[in-house]
Amino acid sequence: MGLDGLPDWFLRLAAPAFASPITYLFNLSADTAIIPTQWKSSRIRPVPKVAQPQGCHDYRPISITPILSRVMEKTLVKSLLYPLLTDSDNNTLFSDQFAFRPTGSTTSALIYLFHQITLFLQEQEYVHLIALDFSKAFDMYVVCSSLTF
């Protein structure tokens with residue numbers, strides 16, 4: 001169940017009745033480039049990474065988002081992003097793109113990175129590599145001083 005309180009089984013069962021209005025909302029949102037405010041909110045739930053957590057570092061944040069926003073995101077990625085990334089005409093544009101691809105993985109990205117470094121080192125004495133990780137850039141955390149979940 002998402003943050004909106006709608007269980008996925010309910011939407012599947014009620015799809016014949018809700019498909020048309022939800023499609024209208026999705027299309028309106030895509031056409032106007034406006035996401036409903038309710039679909040932008042999430043609740044961060046701490047989930048333990050280890051069997052017996054001792055501190056905040058033993059938890060990973062899981063974002064609970066509204067199910068309709070997840071459905072819309074999946075629909076847009078499958079209909080707009082995947083075709084762009086997998087089209088043979090765009091292979092040269094996205095040859096170093098590994099995220100959001102059906103066959104992409106961190107392993108593929110690392111293999112590509114090490115290959116590129118090896119090629120550069122054959123021609124240069126050394127190589128500078130700057131890596132940035134924005135995956136947590138927009139997460140907001142509450143500092144936990146005691147573990148009472």
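A salt bridge is a side-chain nitrogen of Lys or Arg within 4 Å of a carboxyl oxygen of Asp or Glu. In this predicted model, the side chains of Asp-8 and Arg-12 meet that description, with N to O at 3.4 Å. The structure holds one salt bridge.

Both partners sit in helix H1, four residues apart, so about one helical turn separates Asp-8 from Arg-12. Asp-8 is partly exposed, because its relative accessibility is 36%. Arg-12 has a relative accessible area of 57% and is therefore exposed.

## Overall fold

The protein chain has four helices and two strands. Along the sequence they follow the pattern α-α-β-β-α-α.

The protein chain has 149 residues, and 13% of them count as buried. Its accessible surface comes to about 12,100 Å². Carbon and sulfur atoms account for 61% of that surface. Take the contacts between residues at least 6 apart in sequence: 41% of them join residues at least 24 apart.

## The nonpolar core

Seven residues form the largest nonpolar core. They are Leu-11, Ile-22, Phe-26, Trp-39, Ile-67, Leu-68 and Met-72. Two elements give two or more residues each: helix H2 (15–32) and helix H3 (67–86). H3 gives the most, with three residues.

Leu-68 is a core member with several partners inside the core. Leaving out residues up to four places away in sequence, Leu-68 touches Leu-11, Ile-22, Phe-26 and Trp-39, among others. Its contacts also include Asp-4 and Leu-6.

## Ser-29, a buried serine

Ser-29 lies in helix H2. Is Ser-29 buried or exposed? Its relative accessible area is 5%, under the 20% cut-off, so Ser-29 is buried.

Beyond residues up to four places away in sequence, Ser-29 touches Ile-34, Ile-35, Pro-36 and Met-72. One of these, Met-72, belongs to the largest nonpolar core.

## Aromatic cluster

The structure holds three aromatic pairs. In one of them, the rings of Trp-9 and Phe-10 have their centres 6.2 Å apart. Their planes stand at 90°, so this pair is edge-to-face. Phe-10 also pairs with Phe-18. There the centres are 5.8 Å apart and the planes make an angle of 55°, a tilted arrangement. Ring pairs link Trp-9, Phe-10 and Phe-18 into a cluster.

Phe-10 is partly exposed, because its relative accessibility is 31%. Phe-18 lies in helix H2. Phe-18 is partly exposed too, at 32% relative accessibility.

## Nonpolar surface patch

Which residues make the nonpolar surface patch of about 420 Å²? They are Trp-9, Phe-10, Leu-13 and Phe-18.

Helix H1 (residues 8–13) supplies the largest share of the patch, three residues. Phe-18 comes from helix H2.

## The loop between H2 and E1

Ala-33 is placed in the loop between H2 and strand E1 (43–48). Its phi is near 60°, a positive value in a residue other than glycine. Most residues other than glycine have a negative phi. Ala-33 is exposed, because its relative accessibility is 68%, over the 50% cut-off.

Ser-41 also has its place in the loop between H2 and E1. Ser-41 is partly exposed, at 32% relative accessibility. Where does its chain contact lie, leaving aside neighbours within four places in sequence? Ser-41 is in contact with Leu-3, Ile-64, Thr-65 and Pro-66. Ser-41 and Ile-64 are 23 residues apart in sequence, and their C-alpha atoms are 8.7 Å apart in space.

How values were computed:
Residues numbered from 1 in each chain as written. Predicted model: local features only at pLDDT ≥ 70, side-chain atom pairs only at ≥ 80, totals over all residues. Heavy atoms only, no water. Core = buried A, V, L, I, M, F, W, Y, C linked by side-chain atoms within 4.5 Å. Buried < 20%, exposed > 50% of the residue type's maximum accessible area, 1.4 Å probe, protein only. Contact = heavy atoms within 4.5 Å. Areas by Shrake-Rupley, 256 points an atom, 1.4 Å probe, with all protein chains shown as cover. Phe/Tyr/Trp six-rings, centres within 6.5 Å; stacked < 30°, edge-to-face > 60°. Patch = residues over 30% accessible without salt bridge, like charges linked within 9 Å, V, L, I, M, F, W, Y side chains within 5 Å.
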